[in-house]
Amino acid sequence: MRVKIFVLLKNGVLDPQGNAIERSLHSIGYEEVHDVRVGKYLELDIDAPSRAVAELRVREMCDKLLANTVIEDYRFEISPES
Amino acid sequence: MSPETRAVQAAVFSTQHSGLVTQYAMRWGVIIFPGSCDDQDVFDSLKVDLRQTVKFLWHKDELAGNYDCIVLPGGFSYGDYLRCGAMARFSPIMQGVVKFARSGGLVLGICNGFQILCESGLLPGALVRNAGLQFVCQQVHLRVEETDTPFTGAVKKGQVLKMPVKHGEGCYYADPQTLEGLHRNRQILLRYVDVKGRATTAANPNGSLENIAGICNKKRNVFGLMPHPEVACSRLLGSEDGAQIFHSIAAARTDRAKLHG
């Protein structure tokens, strides 16, 4: 199964990269842009007997390593095909 | 500077260093992670400037032997991949460090070491990208907020220490609840201040919440700070204020040894 994981700084955690990108976008004429947030996108293949097991394992690895839940939120999508 | 050069210069300036005065022989351990870069500086300042017994510890080894204080040095462990300190946390030696800390052992995390301690859950909160986005490399002034800890016991409350910082991800963050806990348990040990000791926005090099530069855990035996005391232990390097942190640790252990033999 193929897993797509999205990690993003929590609301309330300062995102200086997002702010800098927002300013850049404004300076090149995209003034309609607000609230830019920069995160991480990970993809991985996982061997699992079922989708439920894969979900459990992915949630575990996000909590342990892939995200720092003190400052980041995550969500993921699992698709059957690699 | 090579250890030999440091030793020669330390000898030249030996009248300025009396080392740490301890009746008790401290055993310091300095962990080397792949990508650590301040390990040698910590080792040299302890050994050459402060005349202590120090051993390097390899991240892949188990934590074996008796130590009074384990130091997690600065650097870019595991290339800072994913998040600073995120992977070092799972180094084999860190399991020993967590146990050591839980049993009351003294753990000092400097810079990347502070990040690793936060990632490990030994200290609350997290260190994120500097608010100004730039890597900061400068001298800072720090106000000592609490002195009833093994890391600040030899310093006066409110005293201002001068040390350098050098980091890209040193902005301390904690959610409101965690911050309240830090206040309640008086865990904020160091704040960035100006030369007069005022915690102003201008004196904050990285946008840290409430100018926080260093915190300890509830049990007060784990301390993390972004500034580098190890490169502020010699007049040659512009400040000897960092030695007061190491002196506090040695004094605390000496007192304990007197009590418990």
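Visitor: What percentage of the 261 residues of chain B count as buried?

Guide: 53% of them do; buried here means that 20 or more other C-beta atoms, placed from the backbone, lie within 10 Å of the residue's own. This is a predicted model, where local features need pLDDT of at least 70 and side-chain atom pairs count only at pLDDT 80 or more, while totals for chains, interfaces and linings use all residues. Residues are numbered from 1 along each chain as its sequence is written, and chains are lettered from A and ligands numbered from 1 in the order in which they are written.

Visitor: How many helices and strands are there in chain B?

Guide: Chain B has 6 helices and 11 strands. Both are DSSP runs numbered from the N terminus: helices are H or I with at least four residues, strands E with at least two.

Visitor: On to chain A. In what order do the strands of its open sheet come?

Guide: The 3 strands are ordered 2-1-3, with antiparallel pairing; strands pair if DSSP finds at least two bridges between them. Strand 2 (39–45) and strand 3 (72–79) of chain A are at the edges with a single partner strand each, so one side of each lacks a neighbour in the sheet.

Visitor: Over how many bridges do strand 1 and strand 3 of chain A pair?

Guide: Strand 1 (residues 2–9) and strand 3 of chain A pair over 8 bridges. In strand 3, A:Tyr74 is the bridge partner of A:Val7.

Visitor: And how many residues of chain A are in contact with chain B?

Guide: 9 residues of chain A are in contact with 12 residues of chain B, contact meaning C-beta atoms, placed from the backbone, within 7 Å. Helix 1 (residues 16–27) of chain A gives the most to that side of chain A, with 3 residues.

Terms used: Two residues are in contact if their C-beta atoms, placed from the backbone, lie within 7 Å. A residue is buried if 20 or more other C-beta atoms lie within 10 Å of its own, exposed if 12 or fewer, and partly exposed in between; C-beta atoms are placed from the backbone.
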